Amino acid sequence: IFKNSLELDEKRFEKKIDLIFIDGGHTYSVVKNDSDKAFNMINSRGIILWHDYVPEKKSSKDVVRYINEISKVKTIYHIKNTSICYFKNK
């Protein structure tokens, strides 16, 4: 789906998507919006990938902040030596 994620009505995709790759806006509000919608859309075996998890890079600070916060309630994995993090439904 290539669309402004702030305008996407995810309800028609609820629990239907296998894989979501988030690499859009880098402000906290957009990362949170995209992630909240992604968590609603992935199916029981679904995976969410986030790009730009680079703690030392200032332009990624809101992505890092969101991932660090959501990691307190969901198990998020960082793929070593990459800027990719992921969540997998169990």
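Visitor: Which pattern does the protein follow when read along the sequence?

Guide: Helices (H or I, at least four residues) and strands (E, at least two) are DSSP runs, numbered from the N terminus. Here the order along the sequence is β-α-β-α-β-β, made up of two helices and four strands. Please note that this is a predicted model, in which local features need pLDDT of at least 70 and side-chain atom pairs count only at pLDDT 80 or more, while totals for chains, interfaces and linings use all residues. Residues are numbered from 1 along each chain as its sequence is written, and side-chain values use heavy atoms, with hydrogens and water left out.

Visitor: How does the radius of gyration of the protein agree with that of a compact globule?

Guide: The radius of gyration is taken over C-alpha atoms, and the globule rule is 2.2 Å times the number of residues to the power 0.38. For 90 residues a compact globule would have a value near 12 Å, and the protein, with 12 Å, agrees with this. The C-alpha trace spans about 35 × 30 × 20 Å along its principal axes.

Visitor: What percentage of the residues count as buried?

Guide: Buried means under 20% relative accessible area, exposed over 50%, and partly exposed in between (1.4 Å probe, protein chains only). Of the 90 residues, 40% count as buried.

Visitor: Which residues touch the most other members of the largest nonpolar core?

Guide: A nonpolar core is a set of buried Ala, Val, Leu, Ile, Met, Phe, Trp, Tyr and Cys residues joined through side-chain atoms within 4.5 Å. The largest one has 21 residues, of which Phe39, Ile48, Trp50, Tyr66, Ile67, Ile76 and Phe87 touch the most other members. Two or more residues of this core come from each of strand S1 (17-22), helix H1 (28-41), strand S2 (42-50), helix H2 (61-70) and strand S4 (85-88).

Visitor: What does Ile48 touch?

Guide: Contact means heavy atoms within 4.5 Å. Leaving aside residues up to four places away in sequence, Ile48 touches Ile20, Ile22, Ala38, Phe39, Ile42, Cys85, Tyr86 and Phe87. For the protein as a whole, residues 24 or more positions apart account for 69% of the contacts with a separation of 6 or more.

Visitor: Against which elements do the buried residues of H2 pack?

Guide: The buried residues of H2 are Asp62, Val63, Val64, Tyr66, Ile67 and Ile70. They pack against H1, S2 and S4.

Visitor: How exposed are Lys80 and Thr82?

Guide: Lys80 belongs to the loop between S3 and S4 and is exposed, with a relative accessible area of 68%. Its C-alpha atom is separated by 25 Å from that of Val30, 50 residues apart along the chain. Thr82 lies in the loop between S3 and S4 and counts as partly exposed at 33% relative accessibility. Thr82 and Tyr53, 29 residues apart in sequence, are 8.1 Å apart in space, C-alpha to C-alpha.
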